[in-house]
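Subject: Handover of a structure

Dear colleague,

Please find below the structure that I am handing over to you.

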Amino acid sequence: MRSRIERLDHRIILGLIEQGATVLDLGCGDGSLLKLLAQGKGVMGQGIELDDQEIFRCVEKGVFALHGDLDSGLEQYKDKSFDYVILNQSIQQVRNVEAVISDALRVGKKVIVGVPNFANYRARLQLFFGGRAPVTKTLPYRWFETPNIRSFSLKDFERFCADRGIAIEKAHYLRGLTRVLLMPNLFAESGIFLIKR
Amino acid sequence: MKEFVFAKDGDGFELGSGKRLRAVTLAYETYGKLNKNRDNAILVEHAFSGDSDAASWWKGMIGKGKALDTDRYFIICSNVLGGCRGSTGPSSIDPDTKRPYGLSFPLITIGDMVRAQKKLIEHLGIDRLLSVIGGSMGGMQVLQWVSLYPDSLVSAIPIASTLKHSPQQIAFDEVARQAIMSDPDWRGGDYYGKKAPERGLALARMIGHITYMSDESMEEKFSRTPKEKDKSSYFSSDFQVEGYLRYKGNSFVKRFDANSYLYITKAMDHFDLSGTKLIPLDKNIDVKFLVIAFRSDWLYPPYQSKEIVKVLQGRSIYASYCEINSTYGHDAFLLEVEEQSRLISGFLNQAASKNKEDAAYEI
């Protein structure tokens, strides 16, 4: 994800979280979201991240981060240990999506999920007219180098939640630095969902 | 080297076993200055064969502008109880008999080492340490501090360490102890003033050094490079790795006491803070953690550090953990200066600023 876009999703997530909340950020990257939440909302945050270089960046900026993968990282946390669990732009890279989301819902009172939209119109056009796997600003990887092992749309994610009795309390749809209000599954590049069991 | 002597009079210093020691000496060093608020002190815990001279054995980490910055922090390091580098141990003189203790020295635990250090910290006028940090057995002492005195700590940094020794770790310690005790010069521990069990102690150290390295680091360091041949025997050392181990073994006996080797390895083997022993269920602690492990460390493998992390997760304690991608094996905690420095200086910065917030709160 590019940093300008990241700032909009970070702004939206900042707006979803109350002052002084506790947050677990799964796939926390370089810790910039947790740092923002600590500064802007007095959040006490914990991150988990697979990439050791990102762990160094987290610790250097004063963010707590555990080096490990999401597929096996949560079992020790007690139920409802955190006010929020964040999965921002990470589930498309997770092997066992169902287990990670259900564990996130167990460990957090609420969960914030940010996902890319593989059914964005640009991706559709590239696939339909170009006949090739799409490469866009939000899906910047070519097929042979992508870390994304799941390709799904916003509609797919909403259906996933509905099928499992997961309530979507809020949904925000984004394209670049703007919000998308009309036909998000076609026009949005990503979505941010506040979900709850 | 400074000395702190306590429990000179009265009943002496009570050990976890119930036994008592009179007139306990801790040899220690300090670096930097304790500030006015007395909240910048960091206790460095040495590993099995280390000593209080932390600025020598951890040269890359301690000093001006380094991770343990002596311009900012007041660094303390003491030789462990049971040791032989200035602190009371089996080679010290028993005040009752005026002779070296030998095997009449009581068995000690990691807990006893830490309880003695607490007395030193109090003597230095420090209520709360900004951090306690150490690798290997030093990390065990860090964990022991958490279990005994969590209210006296802002943060804890156990490196390449464990909540308890595995059977494999106990096995290596036992082979080393057998090497010492099977040396006829050991004489049931009563060798002071006579020839020390140098062959046994050197052999124990050679075994130790194998476990401190890794297959990769030995390949990098020695490969199969031949040594200049000493023709005196078929079985003189032919390869550089053999020469290295012999050199390490022979130089170790000049600075280490064989009985201390026995006592300290036993203390490590019996150490066990697994389950709820690190943090009792009825206690909530406010200590921040930085846990560090090394990929190629097979003596204290990363899974043991992850066990520490799991305990912290179960108690919702905020922590950072990194498995550093090193080839050095267990020795990495002494050698991987750059990566450790990035983690430790960032983490301590955060701990120090947290300290300031708390202080402001109290006012």
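Predicted model: local features only at pLDDT ≥ 70, side-chain atom pairs only at ≥ 80, totals over all residues.

The predictor gives the complex an ipTM of 0.93 and a pTM of 0.95. For chain B, the mean pLDDT is 95, and 97% of the residues reach 70 or more.

Chain A contains seven helices and eight strands. Its radius of gyration is 16 Å, and the globule rule gives 16 Å for 197 residues, so chain A is as compact as a globular protein of that length. The C-alpha trace of chain A spans about 50 × 35 × 30 Å along its principal axes.

Chain B contains 11 helices and 12 strands. A compact globule with 363 residues would have a radius of gyration near 21 Å, and the 21 Å of chain B agrees with this. Taken along the principal axes, the C-alpha atoms of chain B fill a box of roughly 75 × 50 × 40 Å.

**Where the chains meet**

The contact between the chains involves 16 residues of chain A and 18 residues of chain B. On the side of chain A that touches chain B, the elements giving two or more residues are strand S2 (44–49), helix H3 (52–60) and strand S3 (64–67) of chain A. H3(A) provides the largest share of that side, with five residues. By class, the residues on this side of chain A are eight nonpolar, five polar and three charged.

In general, two packed helices are described by the angle between their axes and the distance between the axes.

The axes of helix H2 (residues 110–123) and helix H3 (residues 137–148) of chain B come within 9 Å and cross at roughly 70°. H2(B) is therefore roughly perpendicular to H3(B). Ile110(B), Gly111(B), Met113(B), Val114(B) and Arg115(B) of H2(B) meet Met140(B), Gln141(B), Gln144(B), Trp145(B) and Leu148(B) of H3(B). This contact has six nonpolar, three polar and one charged residues.

Helix H4 (residues 167–181) of chain B packs with H5(B) at an angle of about 160°, and their axes are 7 Å apart. H4(B) and H5(B) are therefore roughly antiparallel to each other, and their crossing is right-handed. On H4(B), the residues that meet H5(B) include Phe172(B), Val175(B) and Ala176(B), while those on H5(B) include Leu201(B), Leu203(B) and Ile207(B). The contact of H4(B) with H5(B) has nine nonpolar, three polar and no charged residues.

How is H5(B) placed relative to H7(B)? Helix H5 (residues 198–212) and helix H7 (residues 240–252) of chain B pack at an angle of about 130°, with their axes 8 Å apart. That angle makes H5(B) oblique to H7(B). The crossing of H5(B) and H7(B) is right-handed. Among the residues in contact are Leu201(B), Arg205(B) and His209(B) of H5(B), and Leu245(B), Lys248(B) and Phe252(B) of H7(B). By class, this contact has six nonpolar, three polar and two charged residues.

Yours sincerely

Definitions and conventions. Residues numbered from 1 in each chain as written. Chains lettered and ligands numbered in written order. Contact = placed C-beta atoms within 7 Å. Helix = DSSP H or I, 4+ residues; strand = E, 2+ residues; numbered from the N terminus. Nonpolar A, V, L, I, M, F, W, Y, C, P; charged D, E, K, R; others polar. pLDDT = per-residue confidence, 0-100. Axes fitted to C-alpha atoms, helices over the stretch in contact; angles between N-to-C directions. Parallel < 35°, antiparallel > 145°, perpendicular 65-115°, else oblique. Left-handed = near helix turned anticlockwise from the far one by under 90°. Rg over C-alpha atoms; globule rule 2.2 N^0.38 Å.
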